[in-house]
Structure formats: C-alpha cells, structure tokens
Amino acid sequence: MKTIRISDLDNVAVALHPIAEGEEITAGGITVKALMDIPQGHKIALLPIKKGENVVKYGFPIGHATEDAAPGTWMHTHNVKTNLEGEMEYTYTPSLTFPEKVEPETFQGFRRKDGRAAIRNEIWIIPTVGCVNDIAKKIVADNQDLVTGSIEGLYTFTHPFGCSQTGHDHAQTRKLLAALVRHPNAAAVLVLHLGCENLQHDQFVEELGEYDHDRVKFLTCQEVDDEFTAARDILKELAAYAGQFKREPISVSDLVVGMKCGGSDGLSGITANPTIGRFSDMMGQRGGSTVLTEVPEMFGAEGFLMDRCINHDVFVKAEHMINSFKDYFISHNEVVYDNPSPGNKQGGITTLEDKSCGCVQKGGTAPIMDVIGYGDPVVTKGLNMLYGPGNDLVSATAMTAAGAHLILFSTGRGTPFSAPAPTLKISTNTPLAQKKSGWIDFNTGVIADGEKTIDETAKDLLDLVIRVASGEQTKAEKHGFREISIFKDGVVL
C-alpha cells in the first residue's frame, strides 16, 4: 500500500512511500494518476478541489486551496493555506468513550518513602541560578565514585535563569525547579545556590513546601570556603540515603507517561502518534496516567479534544488553556498560527491544522480527566492535558516536572535530545529508524510498511515501556543525553 485515505471524508490521501509522476495509486476506493512526484508523507488530491475549497484530512479541514487542483495534484504549502485565526469560543458537547478496564502488568521499580513509584534511582543536582552551572558540572564529574549499588547516576540540569527575572517569569522558574526537586526518579537531591541571586534559599524552600530533609539538601556556594569539599560531604549523605532503595514489583497503574512529538512529518499522524494514542488508552485501561501538552499544536484540532473532557469544569479549564496560549502569542505581537517549522513542511505537513490533527492523535480516545498548569503535578489518573509550548526541550521538561516517569517522543525527522526523565524516541518511518539507529528506540514505520497493525505496534510499545521502567536504558540515556529548558516569558534585568 503506497497511500492512505485516513477518513472517508478526506479529499486527499497521504503517500506512505514516494510516488512517481504518472504512477497510479488507489486510496479509499479512488484511483488517480500522480501529476507530479509526491514525496513520502505528502498529500495527493483524490478529488477535484476548487480554489477556496477546504482540503480535508483526518476528516477535518486542514486549510483551503489557493488555486484549483485536479485529482493527482501535490497538495502542500504552494497551494494550501490555513483557515485559522485568533481566539475561539467552544461549546461543550460531551462525547465520552471509557476504555474497558484490564488487570495492569507490573514493572520493577522503586517505591519512595512517600509512597510514590519511580523508575530510576538517581541523585540530582539542581542549580537555582545559571552562575553555578559549571560548579554543578564539576561536582558531578568529581563524585562519580558515589554511583554504586542501586544508585543509577549522578546528574545536574543546568539552565541560565534564577536571577535577573521579575514577576511571573521569575515565579515560573522557581516553580519549575521546585517541581524537578520533587521528581520521584531523583532518590536524593542537592539544591545548589550561589547566594546573591534573585531566587534566594528561603524563597525556594517556601516554593518547595514540605520535604524530606534526608532526601533534599542545600548548599550556598558563597557561604563556604570550598564548595567542592562541602558538596562532597553532602553528596556522601545523599548517596547513603539513595542507596537504600531497591527495585521491586510495582503496578503499571502507578506510571505517569508523557507524550510528545517533534521533528514531525506527514506520517506522524498516521503511524507513531496513533500508536502512542492507543498506548495512552491502554494505560487508562490499566489505571495509569498519561500527559499531553504542546498547546499551540492543538490549535485547529480542538474538535478532537474538547468534547472528551470528563466534565464541564475540565472543559472550562481546557478552553482557558487554549485561548490563554493564543493571548500569549498576541501579547508578544506574534502570529498565532506561524507554524509548522521548515522541517515539518519538508516532511509533508502543510498547515498548523495539518500538524495539530496529527499531533493530538497521541491523546487516543479516552476521556480527558484533568487540565494542569505549568509546573503543576499530575494528581488525577488517566489522560491529563498540560499547559506548555510546542518547543521540544521546554515541553519535555514541563512533562518531567509534572511527574512523568518517562516520555514517549515521536519524530519523523529525528532528534537526539532527552529530558531528565528517560525519553523514548519513536520513529514514524523505517528509513529514519535505519539511518539514525543510535537515536531511535522504537519504529512505527512497520505500520506504513504493512508489517503490523496499530494495535500490535501499541502492544509492542507497552512492552518496551515496561522494560524501560524496569531499568532498560533508552538510546539517549546510553549516550548520557539529558537536559532541561525552562519556559521563559519576561524581561531580563
């Protein structure tokens, strides 16, 4: 099969493999001859499309034609334009499908003293200000001998913020860093201050709230003669604390999994993202939790989401989340729909509606149980929506801060980065998986190749998630890749 018509309502098909000019293809019972070469992941018109008429994919308009297009025409940025504008009003018309419950599997994880589950047993150093980044890196390098027994790593997550920020921007940094300190994959944490930064110790402790004094310790570099010796002494204590945790059987219902896409292509919404969506539904069946973010990449695809809110209160929160993010764009005098990226377009994504309809496939079909803010934790089982941008590093960091134990990251173009939480890279197509085998953990290109169904692939993905939760390293972990990026919205003093 070389093409797919995703919905019977669609007037375009997607090329699962490259189509040559003059080649006949059949999709959804309609046969056309390609009037030009059609790259993999790109769209071909199945029916005549008049200028101004909607181009329909996923059963939804993804824009309108800017010129007449005959069947067989390549439909892309040269002849399709978005229909989207600014804020919208939404109506709540509930349409809820509850997945049938199944007995959850178990993974070999760590049980923290507060009852939370973890899939890694690491020591983290969290700098409160960018000025101590290099000190944090040296402390990590100098103390690798403490990584013994059940301790699986000593890491720091550097950033340029924590000072010269004001108001909401400063509060956002403080909230995000405190959320990372609470993350269950960190068995123990050293919070590293400079001493003169805006993000003062007392302020950070207030943000953090109640904490285990054996698990979280602080060091202010300006207050000691030798910060490296002082850090070593503290880390010995933290290592003794972290080393007491051992892997044990834990229910999959305790897992929180973030879902993200980046470097997307025209197959993202056909192979990888629907597989992740099916996985999300499977997690819901097992009583687990999943997190969907990238609010700007919900624009134009709200119809897939809004009516799935579990109740009117959650619907109101979802409506506020989407429109407030549009206000964020407008307040910075930016075009709300200045998306997709050059790489997305090269991969076959034409408009934001096209990108969004593919992006939200990761949310599956289950009800949306809650909508949470940036830096807030997941507290409700099932599918959660999280306020955050589309930027890969920023949104993956936000999902980690929300408590995601690991992150599923689908990509059609490829990307090597990883969040602090283990980040599984899922390719949309087989050529990418073959070319970048050092990046890609899981290949959903087998769906486009006709080798497996979405259901079969999702079951394979669940099996992989359980293995990773039990200690199997992702490709990025093996390379030592892990970093954070904080959502910034304010002036620099």
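**Close-up 1. Where helix α5 meets helix α12 in this predicted model.** Pro 274, Thr 275, Ile 276, Arg 278, Phe 279 and Met 282 of α5 touch Ile 454, Asp 455, Thr 457, Ala 458, Lys 459, Leu 461, Leu 462 and Val 465 of α12 (contact means heavy atoms within 4.5 Å). Sorted by class, this contact has nine nonpolar, two polar and three charged residues (Ala, Val, Leu, Ile, Met, Phe, Trp, Tyr, Cys and Pro count as nonpolar, Asp, Glu, Lys and Arg as charged, and the others, Gly among them, as polar). The axes of α5 (residues 272–285) and α12 (residues 454–469) come within 8 Å and cross at roughly 65° (axes are lines fitted to C-alpha atoms, for helices over the stretch in contact, with angles from 0 to 180 degrees between N-to-C directions). The crossing is right-handed, that is, the near helix is turned clockwise from the far one by less than a right angle. Helices (H or I, at least four residues) and strands (E, at least two) are DSSP runs, numbered from the N terminus.

Residues are numbered from 1 along each chain as its sequence is written, and side-chain values use heavy atoms, with hydrogens and water left out. As the model is predicted, local features need pLDDT of at least 70 and side-chain atom pairs count only at pLDDT 80 or more, while totals for chains, interfaces and linings use all residues.

**Close-up 2. The largest cavity, with a volume of about 60 Å³.** On a 1 Å grid over the protein atoms alone, a cavity is a set of points where a 1.4 Å probe fits but cannot get out, and lining residues have an atom within 4 Å of a point. Volume is the space filled by probe spheres set on the points, which are joined across faces, edges and corners. Of the 14 lining residues, Asp 265, Ser 268, Ile 349, Lys 355 and Gly 358 lie nearest the centre. Helix α8 (residues 352–359) gives the largest share of the lining, four residues.

**Close-up 3. The second largest cavity, with about 30 Å³ of space.** Its lining includes Trp 439, His 479 and Phe 481. Helix α13 (residues 475–479) supplies the largest share, three residues.

**Close-up 4. An open antiparallel sheet in the order β6-β7-β9.** Strands pair if DSSP finds at least two bridges between them. β6 (54–57) and β9 (80–81) are edge strands with a single partner each, so one side of each has no neighbour in the sheet. Ala 65 stands opposite Val 80 in β9. Helix α8 lies across β6 and β7, at about 160° to β7.

Methods:
On a 1 Å grid over the protein atoms alone, a cavity is a set of points where a 1.4 Å probe fits but cannot get out, and a pocket is an open set with protein on both sides within 12 Å along at least five of seven lines; lining residues have an atom within 4 Å of a point.
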